[in-house]
Amino acid sequence: MSDNKQQDAALADLIKAAYKDTAKPSLSFSQMVAVGRQKEEAKKKARAWILPTSLVGAFAACLVVLLLTIRYLSSMDEAWDLKSIQAAETGYSNTSEDLMAFDAITEDPSIDFLVGKYLEKQNLFDLKETL
Amino acid sequence: MNLNLAELMTALHDASFSWALRCCDFKRDLAEEVLQNVYLKVLDNKALFRGESSFKTWLFSVIRVTAHEMRRSQMSKIIGNEKFRRMDVAEEKSEETLDVKALFSELSEKQAQLMELVFYHDLTLEEAAHTMGISMGTASTHYKRAKEILKQKLKGVA
């Protein structure tokens, strides 16, 4: 038993000798606390910039997407033009002459006028006269 | 600042640093950073001492857990980084560190930690187990195996 204790003591001496100079900190307790506080403050300051920077970045990204969308839609304006759509549905080609005719129809949508316009379009003036 | 806690930590400063070194694989920069964080945690009541064990045992547990967390985050940040290389060079230059490393070279990390707590910091096996967050049975097994290995080494030295 005492042999065991002697061995333990020898082990403790060996380990303590190995650690003799290794375990000396370069800073005292209060210095370490001060350095720790400084680092914490620096981290807080760095963190304070993250939110505003992210918000500005997100806003800029939204603005770019919005501008690109507006540009794209304005290039599609003709396709959204009501007159063009209706002209296409009624079989007219999308020329300015046809659009003028369409304007005239909307101003006077009587049957006679419409038939006259149709025949005029089909070059059937003779038939109109016959009728 | 809680004066009582500050006094206790001042008294344990050297021992805490050597334990932090062990938990940080003898990287002095990291050990100092760990200790700074631990002191702030304790002083700002982020880590609360409830008196369930001795203050030393509790403080060493906080150091072990903090070192584990920081090593994990540091490793992911600094692998391949210049800072990492500088820390390695600084470590190689310390002959004392090599002494300690040579002494525990044949022990596992847990065994080395246990031996340091028992033989260098004079904790009981139960306190050491509590500090390391392992059961008494596991601590006892590690202790016996490590002691056998170190005794063989001791015979070699003698």
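Visitor: Which helices each supply at least two residues of the lining of the largest pocket?

Guide: This is a predicted model, where local features need pLDDT of at least 70, side-chain atom pairs count only at pLDDT 80 or more, and totals for chains, interfaces and linings use all residues. Residues are numbered from 1 along each chain as written, chains are lettered from A in the order written, and side-chain values use heavy atoms, leaving out hydrogens and water. A pocket here is an open set of points on a 1 Å grid over the protein atoms alone, where a 1.4 Å probe fits, with protein on both sides within 12 Å along at least five of seven lines; lining residues have an atom within 4 Å of a point. Helices are DSSP runs (H or I, at least four residues) numbered from the N terminus, and the ones you want are α2 of chain A plus α3 (28-43) and α4 (55-78) of chain B.

Visitor: How many charged residues are in that lining?

Guide: The lining has 18 residues, with Glu40(A) and Lys43(A) among those nearest the centre. Asp, Glu, Lys and Arg count as charged. Next to 2 nonpolar and 6 polar residues, the charged ones number 10.

Visitor: What residue of chain A forms a salt bridge with Asp122(B)?

Guide: A salt bridge puts a side-chain nitrogen of Lys or Arg within 4 Å of a carboxyl oxygen of Asp or Glu. The interface of chain A and chain B has 4 of them. For Asp122(B), the closest N and O atoms are 3.5 Å apart, and the partner is Lys16(A).
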